[in-house]
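Let's take a walk through this one, starting with paired charges and ending at a pocket.

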Amino acid sequence: MHTSLPPLAGEDHVCADCGLSYSDTPLDDAIGAIAGLPDAAREAVSEIPPQARRVRPGPGVWSVAEYLCHLRDVYVSFTIRLHRVRTEDQPAWEPMLNDLRARRFRYNDCDIDATLAELAAAVAGFRDEVARAKDHDWDRTGSRLPDERRTARWLVRQAMHEGVHHLGDIRRIGESAPFDRP
């Protein structure tokens with residue numbers, strides 16, 4: 001069975017859910033938001049009772065554990081994508097296949113503290129790769145689907161959006177968890 005991939009958000013994407021606008025976000029602001037993500041995720045998770053961290057709050061909504069694993073994998077994958085954009089001519093990126101990863105790698109069974117540490121390491125690695133980019137690198141492109149060119153600049157903004165958006169998902173789970181607080 002072949003499942004078509006949804007298109008990537010555009011260079012000028014504005015998220016209907018969280019309101020984040022790519023074109024209105026300077027790269028330094030995006031990098032700063034990414035830098036703060038591991039601590040913010042650790043704090044958000046600490047506010048959620050342990051028994052609520054592996055519960056999917058509804059159909060099509062991941063658990064806290066699953067969102068953390070996804071974020072870790074986003075920063076690992078985007079580090080590789082950014083490296084390839086900087087060093088190759090218009091590379092084709094592998095799709096992340098998020099739901100397949102969640103199932104096959106048993107995201108919901110993860111060690112949450114270890115995953116938070118892995119997220120911090122992945123973010124640090126991504127920031128290291130960002131620091132290697134020179135001014136001329138930001139307009140270099142890669143693609144996941146034909147006719148879907150995205151710049152290195154977009155990669156940073158998309159990585160930031162993933163973090164900000166899914167941190168919001170985690171916080172909403174905490175706010176709606178029908179459990180006593182830690």
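Start with Glu148 and Arg144, whose side chains form a salt bridge at 3.7 Å, N to O; the term covers a side-chain nitrogen of Lys or Arg within 4 Å of a carboxyl oxygen of Asp or Glu. Both Glu148 and Arg144 are buried, meaning under 20% relative accessible area, with exposed being over 50% and partly exposed in between (1.4 Å probe, protein chains only). Keep in mind that this is a predicted model, where local features need pLDDT of at least 70 and side-chain atom pairs pLDDT 80 or more, while totals for chains, interfaces and linings use all residues. Residues are numbered from 1 along each chain as its sequence is written, and side-chain values use heavy atoms, leaving out hydrogens and water.

The structure holds 9 salt bridges. In another of these, Glu118 meets Arg72 at 2.8 Å, N to O. That pair links distant parts of the chain, with Glu118 in helix α4 (residues 112–132) and Arg72 in helix α2, 46 residues apart. Helices here are DSSP runs (H or I, at least four residues), and strands are E runs of at least two, numbered from the N terminus. Glu118 is partly exposed at 37% relative accessibility, whereas Arg72 is buried at 17%.

Arg101 and Asp73 also pair up, at 3.3 Å, N to O. Arg101 sits in helix α3 and Asp73 in helix α2, so this bridge ties together parts 28 residues apart in sequence. Arg72, Asp73, Arg101 and Glu118 are linked in a network of salt bridges.

Now back to Arg144: along with Pro6, His70, Asn98 and Glu162, Arg144 lies nearest the centre of the largest pocket, which is lined by 35 residues. A pocket is an open set of points on a 1 Å grid over the protein atoms alone, where a 1.4 Å probe fits, with protein on both sides within 12 Å along at least five of seven lines; lining residues have an atom within 4 Å of a point. The largest share of that lining, 7 residues, comes from α5.
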